[in-house]
Amino acid sequence: VSVLYCEELPFIMLNVLSALGSAAYKTAAWTGLAAGTEQPPYPVASPLRKIDDVTDTANVEAIAEDVFKAGMDMLRDPAWSIVDFRDPDAADGGDLFLYTKPHVGPFNFAKATMSLRDCSVEKILAVMHSDDPADRKRCSADLSGFEIFARPTPTTNIQRVEYWAPPPVASRDFCFLVGRKYDEEEDTTFIFGCSVDCAQCPKSGRAGVVRGSCMWMWEMTPIGPNTIVTYVSCLNPRGWTPTFVVGWLKTEIAKELIASRHLLYGLEFQVEKITVEDMGLTVEQIESEKAAMREAGAEVDPS
């Protein structure tokens, strides 16, 4: 369940910045803990921020601003450490790097950076952040649903995104408030999003889909004809999530980024789904994961 195109904790306080103060907020965010809870101090904490009326622009803008501030802190967090990963296109100048940091309870973190040669921010937005579901599916074998169902303000939208997962793991969907900001001084564009509790968000048409929660941010800075791109996310997949799935999710992020780069460069590529068998897992291992989750008191998809 990559949320790259969506562009995915209890919410500590209505406005964590005003409650903790900026310095205290950064300290809590960088340690990954808040007041002894097992949740990061971000708006993706449970219960999620509520949008009862998508026309309530004041509420939408306030949530979007909180998400942006939290995303910036996650982006600048010094706790990130580089992952042992080699860009498969390194021989051709590919410079994709992956990072991680310690999980907090069920929340897992991912970060990726890469440069895109001869690609403007406008081109990247048109290709990687298109409103057309068909465009988004070109680089993701797992994206099974995408719709923008509200545009509360000129710089925000609310969207539902659904991702396939290898059975017996349940598919996930997300309801995101998505925003966009431009920092003129730094000549940098930010696209950011966070799961919200929106009364008007459609439900999946398929049975057994689990609604996950995630907060994410893209940072895009032009350097001459090229653009430096950074992506960060904090994901709680919820539901039954065996340990192997966490690693798979982070692998999917890299695969989607590489596919997106190939699309931007006009290169041929193919995306495909994988099964748990492709991951080298046996039926016995899957059943062992399920048994461990049941023993821990977690709800397990019986399929």
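Asp187 is partly exposed, with a relative accessible area of 34%; here buried means under 20% relative accessible area, exposed over 50% and partly exposed in between, with a 1.4 Å probe and protein chains only. The structure is a predicted model, in which local features need pLDDT of at least 70 and side-chain atom pairs count only at pLDDT 80 or more, while totals for chains, interfaces and linings use all residues. Residues are numbered from 1 along each chain as its sequence is written, and side-chain values use heavy atoms, with hydrogens and water left out.

Asp187 lies in the loop between β7 (172-183) and β8 (188-195). Helices (H or I, at least four residues) and strands (E, at least two) are DSSP runs, numbered from the N terminus. Phi of Asp187 is near 50 degrees, a positive value in a residue other than glycine. Most residues other than glycine have a negative phi, and most peptide bonds are trans. A positive phi also occurs at Arg238, where the angle is near 60 degrees. Arg238 sits in the loop between β12 and α6 and, at 28% relative accessibility, is partly exposed. The peptide bond from Ser46 to Pro47 is cis, with omega near 5 degrees, and Pro47 belongs to the loop between α2 (22-31) and β1 (50-51).

Together with Glu184, Glu185 and Glu186, Asp187 forms a negative surface patch. Patches are made of residues with over 30% relative accessible area and no salt bridge, like charges being joined within 9 Å and nonpolar side chains (Val, Leu, Ile, Met, Phe, Trp, Tyr) within 5 Å. Lys and Arg count as positive and Asp and Glu as negative, whereas His and the chain ends are not counted. The place of a charge is taken as NZ of Lys, CZ of Arg, CG of Asp or CD of Glu.

The chain has seven helices and twelve strands. Of its 303 residues, 52% are buried. The accessible surface comes to about 13500 Å², and 54% of this belongs to carbon and sulfur atoms; areas come from the Shrake-Rupley method with a 1.4 Å probe, and for residues only the protein chains shown count as cover.

Across the whole structure, 13 salt bridges are found, each being a side-chain nitrogen of Lys or Arg within 4 Å of a carboxyl oxygen of Asp or Glu. Asp87 and Arg261 form one of them, with the closest N and O atoms 2.8 Å apart. Asp87 lies in the loop between β2 and β3 (97-100) and Arg261 in helix α6, so the pair ties together parts that are 174 residues apart in sequence. Both Asp87 and Arg261 are buried. Helix α6 (residues 243-265) also contains Ser260, which is buried, with a relative accessible area of 1%. The C-alpha atoms of Ser260 and Arg136 are 9.3 Å apart, although 124 residues separate them along the chain.

Glu162 and Arg206 meet in another salt bridge, at 2.8 Å from N to O. Glu162 is in strand β6 (residues 156-163) and Arg206 in the loop between β9 (197-198) and β10 (210-211), 44 residues apart. Glu162 is buried at 4% relative accessibility, whereas Arg206 is partly exposed at 42%. Both residues belong to a network of salt bridges that also includes Glu147, Arg160, Asp173 and Arg211. In the salt bridge of Asp52 with Lys50, the closest N and O atoms are 3.8 Å apart. Asp52 is exposed, with a relative accessible area of 53%, and Lys50 is partly exposed, at 47%.

Aromatic pairs number seven. Rings of Phe, Tyr and Trp (its six-membered ring) pair if their centres lie within 6.5 Å; planes under 30 degrees apart count as stacked, over 60 as edge-to-face and the rest as tilted. Trp80 and Phe109 form an edge-to-face pair, 6.4 Å centre to centre with 80 degrees between the planes. This pair links Trp80, in the loop between α3 (57-76) and β2 (81-82), to Phe109 in strand β4 (residues 108-116), 29 residues apart. Trp80 is buried at 11% relative accessible area, and Phe109 is buried at 1%. The ring centres of Trp218 and Tyr231 are 5.1 Å apart and their planes stand at 55 degrees, so the pair is tilted. Trp218 is in strand β11 (residues 213-223) and Tyr231 in strand β12 (residues 226-236); both are buried. Ring pairs also link Tyr163, Phe174, Phe176 and Trp216 into a cluster.
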